[in-house]
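Trainee: I have a structure to look through today. Could you take me through it?

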Amino acid sequence: MPARQPSRIARTSASAAPVSALPHHRRAPRQPRQAPRTPRQPRRPSLELVAPLAPVGTQATGPIPAQPDVVIEEYATQLLSLLEGLEGAAEEILRHYEEPEPEPRQDAQRWDVSAANQRRVRQAQAAARRRYERRARQRARSQLAAPAAAAVEQFTAASQAGAVNVMGGQAGLAAEDTPEVRGLASEFATQNVQLIESIPAQHFDRIAQLVEQAYAEGWTKANLAHHVQFETGVTRRRARFIARNEIESLAGKMARARQQAAGVNEYIWRTVGDDRVRPAHAARDGRRFAWGNPPPGGHPGEDYNCRCVAVPAPVT
């Protein structure tokens, strides 16, 4: 009986590579489940200084002091509310604007503009300006400047008292407002009424200049609309700058008045510690200065848009 031939499957298996040479297809071992990471909590601003304060002109360290950001944001919101509807006012002006036509003459720089059209546009500008200036006058002192000054008084009272208590300084620094603090609040309200009223006035002055330039140079309505939209953004950014600059300046002045009234003649310069701090101010962070000898550029809060804070230094 002839020998039995191996089956096709057996032949294939015999000619295949050894099992040890085949790649392994085992599932990778399951990694142990990791517990979810707890999100890092942001460090809350504090007025506490954890290191001993150094002599005048030398450096000390400590946490970043509190900022009047809530007051600034509220004041900016109120200022921006005065400008609600600026786009609608611009649309009303543009609705009357008719694109000028070139005059049939050699001088291509002259444009034919209808006197009636110019009159309608100027009337629309004047009506919008009166409306916004009236709104600013009605709300400037009672709803914006005076409440902002009162909020800064409360902020500086709390922040200065906290700093003094933590460092074991003079008690009662912020127990009540001094005549100097009340005078600063009144001065702030008066000056800011003028600033607030200047926002719509300067805006519509600039719009009038753009319209005259558009007539003189033959702008299309779309080109004029683009310039008006850009100017509206500039006005809103100016309102935000005014809010921050004025509140920080007043907070710095009130801090100085409160400290000097309590006999605190020196302070620790503190910055907010971010990348927007001026290099000159960053170099002063943690250093001790005298109120009677201001560094170049003034004390904290006195320079434009300065966010630095003067923390009262204890008597040594």
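Mentor: Let us begin with a cavity. The second largest cavity is lined by Leu-86, Ala-89, Ala-90, Ile-93, His-203, Phe-204, Ile-207, Val-228 and Thr-232. Please keep in mind that this is a predicted model.

Trainee: Which elements give two or more residues to that lining?

Mentor: They are helix H3, which covers residues 86-96, together with H5 and H6. H3 provides the largest share, with four residues.

Trainee: And how does that lining divide into nonpolar, polar and charged residues?

Mentor: Seven are nonpolar and two are polar, while none is charged.

Trainee: What volume does this second largest cavity have?

Mentor: Its volume is about 40 Å³.

Trainee: How many cavities of 30 Å³ or more are there?

Mentor: The count comes to two cavities.

Trainee: Now for pockets. How much space lies in the largest pocket?

Mentor: The largest pocket holds about 180 Å³ of space. Its lining has 13 residues, and those nearest the centre are Gln-191, Glu-246, Ser-249, Leu-250 and Lys-253.

Trainee: Which helices supply at least two residues of that lining?

Mentor: Helix H5 (179-217) and helix H6 (221-261) each do. H6 gives the most, namely five residues.

Trainee: What about nonpolar, polar and charged residues in the lining of the largest pocket?

Mentor: That lining has four nonpolar, four polar and five charged residues. For the second largest cavity, the lining has no charged residues.

Trainee: Changing topic: what is helix H2 like?

Mentor: H2 runs over residues 69-81, which is 13 residues. From its first C-alpha to its last it reaches 18 Å, close to the 18 Å expected at 1.5 Å a residue.

Trainee: Which residues of H2 are buried?

Mentor: The buried ones are Val-71, Ile-72, Tyr-75, Ala-76, Leu-79, Leu-80 and Ser-81. When you look at that list, recall that an α-helix has 3.6 residues a turn, so residues three or four places apart point the same way.

Trainee: Stepping back, how many helices and strands does the protein chain have?

Mentor: The chain has seven helices and five strands. Along the sequence, their pattern is α-α-α-β-β-α-α-α-β-α-β-β.

Trainee: And how much of the protein chain is buried?

Mentor: Of its 316 residues, 39% are buried. The accessible surface of the chain comes to about 19200 Å², and carbon and sulfur atoms account for 52% of that.

Trainee: Last one: what share of the contacts with a separation of 6 or more joins residues 24 or more positions apart?

Mentor: In the protein chain, that share is 78%.

Note on methods. Residues are numbered from 1 along each chain as its sequence is written. This is a predicted model: local features need pLDDT of at least 70, side-chain atom pairs count only at pLDDT 80 or more; totals for chains, interfaces and linings use all residues. Side-chain values use heavy atoms; hydrogens and water are left out. Buried means under 20% relative accessible area, exposed over 50%, partly exposed in between (1.4 Å probe, protein chains only). Contact means heavy atoms within 4.5 Å. Accessible areas come from the Shrake-Rupley method with a 1.4 Å probe; for residues, only the protein chains shown count as cover. The expected span of a helix is 1.5 Å times one less than its number of residues. On a 1 Å grid over the protein atoms alone, a cavity is a set of points where a 1.4 Å probe fits but cannot get out, and a pocket is an open set with protein on both sides within 12 Å along at least five of seven lines; lining residues have an atom within 4 Å of a point. Grid points are joined across faces, edges and corners, and a volume is the space filled by probe spheres set on the points. Ala, Val, Leu, Ile, Met, Phe, Trp, Tyr, Cys and Pro count as nonpolar, Asp, Glu, Lys and Arg as charged, and the others, Gly among them, as polar.
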